[in-house]
Amino acid sequence: MWKKEPFGKLRSGEECFLYAADTGTGVTISITDYGVSLVSFIFAGSDGQRDVLLGFDDVSGYETHDFYSGCIVGRVASRIAQGKFELDGKEYQLSLNNNNDTHLHGGFVGLSKVVWDCEIVGNTLQFSHTQPDGTDGYPGNLDVVVTVSIKTKSSGGKISGTFLSLDMSATCDQATPINLTFHPYFNMDGQDSGSALDNKLTVFDYAGYLPMDLTRSSHGGDTHHQGNSFQPRHFPYRRPDSGRSGGYDHTFHLCSKSGFVVPAAEIASRDERYRVRVLTDQPGVHVYSGNFLDGSSGKGGAVYGKHSGIALEAQNFPNAVNVPSFPCSVLREGEEYRRNITFSFVKS
């Protein structure tokens, strides 16, 4: 199923590769070993091809740009306030890679700015990486494995959906915070279609969204409630709680029981013919409407300006290591971290 091909070289001269799969359902998926970055999701049909994932034509774009296009993020996704936390009586200072006052998505290197080992095992890809003790300030040598598999769903004898499953597991030789997610930007009208503000968003069965300070860090407190169906027909240009970013940058607290992979959120094209849904066993989903995309050139010369893509990031709550009331984010020696994120793709 998976075919391996060159994807260019880093500035260091290290070669990277692209792994592509024709699912047999009219959807083609490709992933690179640089940051386990999701590169393309292409729908094929009588009306032509539509790639709904923002990205770059070769690995140089992923190395150069800092908006986490398609990649795994961690060791801790989202923000840690002031880059500080205390664990077992010791205070740790992490790198401050966001406005020099916040630790974001694992820091300057994290898991997204490295080349992962990859092995094709049957119909799956198995990516692995060891993040050394002290990287961006984190304690312990972290061993991470991401297993990528593709599944299909049939209805009435016909294939009705394609599922990309990302199984994430990790162990560490010291106690450490951990919160892994993937950061793909979707535009269901096509990655080269400009603004994604006419895409339609649904967040399923959520208790509310987390209050955050001006650095976008959360410190606990009651969630803001908006009912159980969050379906703006158009994305407003301001966040619901107002602020600086001019769009959505919110973590929604899901009501699902821990350990069950359930639908979290969905984005549909303006005509609702193309849909992507994220399913997960994570406690939250962060919706980010590409507020700081800067007009960079992407695949095929597409221009990625503000709001060109929408990221659905299934994860634990921001700053959880510093908030006792949030789900535990600490992985201890001898334990195994396991989480799943699945994307389903449907064209009607």
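Serine 169 is found in strand 14 of this predicted model, where strands (E, at least two residues) and helices (H or I, at least four) are DSSP runs numbered from the N terminus. Because its relative accessibility is 13%, serine 169 counts as buried (under 20% relative accessible area with a 1.4 Å probe, protein chains only; exposed is over 50%, partly exposed in between). Beyond its neighbours within four places in sequence, serine 169 is in contact (heavy atoms within 4.5 Å) with Asp143, Val144, Val145, Glu336, Tyr337 and Arg338.

Alanine 175 lies in the loop between strand 14 (158–172) and strand 15 (176–177). This alanine 175 is likewise buried, at 15% relative accessibility. Residues up to four places away aside, alanine 175 touches Leu87, Asp88, Pro139, Val330, Leu331, Arg332 and Glu333.

An open sheet comprises five strands in the order 1-2-3-4-5, with antiparallel pairing (two strands pair if DSSP finds at least two bridges between them). Strand 1 (2–9) and strand 5 (48–51) each have a single partner strand, so one side of each is left without a neighbour in the sheet. Strand 1 pairs with strand 2 (residues 15–22) over six bridges in the antiparallel sense, and proline 6 stands opposite phenylalanine 17 in strand 2.

The chain averages a pLDDT (the predictor's confidence in each residue, from 0 to 100) of 89, and 88% of the residues score at least 70. Over residues 227–242, pLDDT stays under 50.

Residues are numbered from 1 along each chain as its sequence is written, and side-chain values use heavy atoms, with hydrogens and water left out. In this predicted model, local features need pLDDT of at least 70 and side-chain atom pairs count only at pLDDT 80 or more, whereas totals for chains, interfaces and linings use all residues.
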